Amino acid sequence: MPNTAIHTDLAPAAIGPYSQAVKAGNTVYVSGQLPIDPATGAFAGADITAQTRQSLTNIKAILEANGMTMANVVKTTVLLEDISEFAAMNAVYAEFFSEPYPARAAYQVAALPKAAKIEIEAIAAK
């Protein structure tokens with residue numbers, strides 16, 4: 001079965017040669033989502049709370065374009081500009097997921113595209 005690109009206008013367009021997500025079989029791989037509001041093309045806010053919410057909202061929109069929900073997410077990777085903002089990120093993250101929570105890794109990185117505070121990628125399965 002060939003891989004299929006997933007696209008929705010309810011999430012920001014890719015800023016490089018990649019897809020918003022790719023479906024392979026029953027699994028969807030969502031590319032890292034910056035906190036870009038697709039309506040404005042700008043960050044949803046300057047703080048980690050607003051940026052986390054927008055990154056997860058983008059993931060949700062991409063999954064919904066494939067008939068999935070956040071309950072289908074089995075793994076996420078969270079890239080943070082500053083690991084000291086982990087607790088604030090985690091509080092927003094908890095609004096989007098319920099038990100059983102997806103597996104997750106979180107890292108502080110040297111820099112993110114467009115000087116974002118956060119980028120989140122996800123893997124979902126039906």
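Visitor: Is Val-28 buried or exposed?

Guide: Val-28 is buried, because its relative accessible area is 0%; buried means under 20% relative accessible area, exposed over 50%, and partly exposed in between, with a 1.4 Å probe and protein chains only. The model is predicted, so local features need pLDDT of at least 70 and side-chain atom pairs count only at pLDDT 80 or more, while totals for chains, interfaces and linings use all residues. Residues are numbered from 1 along each chain as its sequence is written, and side-chain values use heavy atoms, with hydrogens and water left out.

Visitor: Where is Val-28 found, and which residues does Val-28 touch?

Guide: Val-28 belongs to strand β3, residues 27–33. Helices (H or I, at least four residues) and strands (E, at least two) are DSSP runs, numbered from the N terminus. Not counting residues up to four places away in sequence, Val-28 touches Ile-6, Ala-21, Val-22, Lys-23, Leu-63, Asn-66, Met-68, Ala-122, Ile-123 and Ala-124, where contact means heavy atoms within 4.5 Å.

Visitor: How are the strands arranged in the sheet?

Guide: Strands of a sheet pair through backbone hydrogen bonds, either parallel or antiparallel. Here six strands form an open sheet in the order β1-β2-β3-β6-β4-β5, with mixed pairing; two strands pair if DSSP finds at least two bridges between them. The edge strands, each pairing on one side only, are β1 and β5 (103–108). Direction ignored, neighbouring strands of this sheet are turned by 15 degrees against each other on average.

Visitor: Which residues are bridge partners between these strands?

Guide: β1 (residues 4–6) and β2 (residues 21–24) pair in the antiparallel sense over three bridges, and Ile-6 has Ala-21 of β2 as its bridge partner. β2 and β3 are also paired in the antiparallel sense, over four bridges, with Ala-24 partnered by Thr-27 of β3. These two strands, β2 and β3, form a hairpin with two residues between them, and Gly-25 in the turn has a positive phi of about 65 degrees. The antiparallel pairing of β4 and β6 runs over seven bridges; there Lys-75 stands opposite Ile-123 in β6.

Visitor: What does α1 touch on the sheet?

Guide: α1 packs on the sheet and touches β1, β2, β3, β4 and β6; the direction of α1 makes about 30 degrees with that of β6. Axes are lines fitted to C-alpha atoms, for helices over the stretch in contact, and angles run from 0 to 180 degrees between N-to-C directions. Leaving aside neighbours within four places in sequence, Gln-51 is in contact with Pro-35, Phe-43, Gly-45, Ala-46, Ala-116, Lys-117 and Ile-118.

Visitor: At what angle do α1 and α2 pack?

Guide: Two packed helices are described by the angle between their axes and the distance between the axes. For α1 (residues 48–64) and α2 (residues 86–96), the angle is about 35 degrees and the axes are 9 Å apart. The contact involves Ile-48, Thr-49, Thr-52, Arg-53, Leu-56 and Thr-57 of α1 with Ala-88, Met-89, Val-92, Tyr-93, Glu-95 and Phe-96 of α2.

Visitor: Which residues touch the most other members of the largest nonpolar core?

Guide: In soluble globular proteins, nonpolar side chains tend to be buried together. The largest nonpolar core has 24 residues, of which Val-30, Leu-56, Ile-59, Leu-63 and Met-70 touch the most other members; such a core is a set of buried Ala, Val, Leu, Ile, Met, Phe, Trp, Tyr and Cys residues joined through side-chain atoms within 4.5 Å. Two or more residues come from each of β3, α1, β4 (73–80), α2 and β6 (118–125), and α1 gives the most, with five residues.
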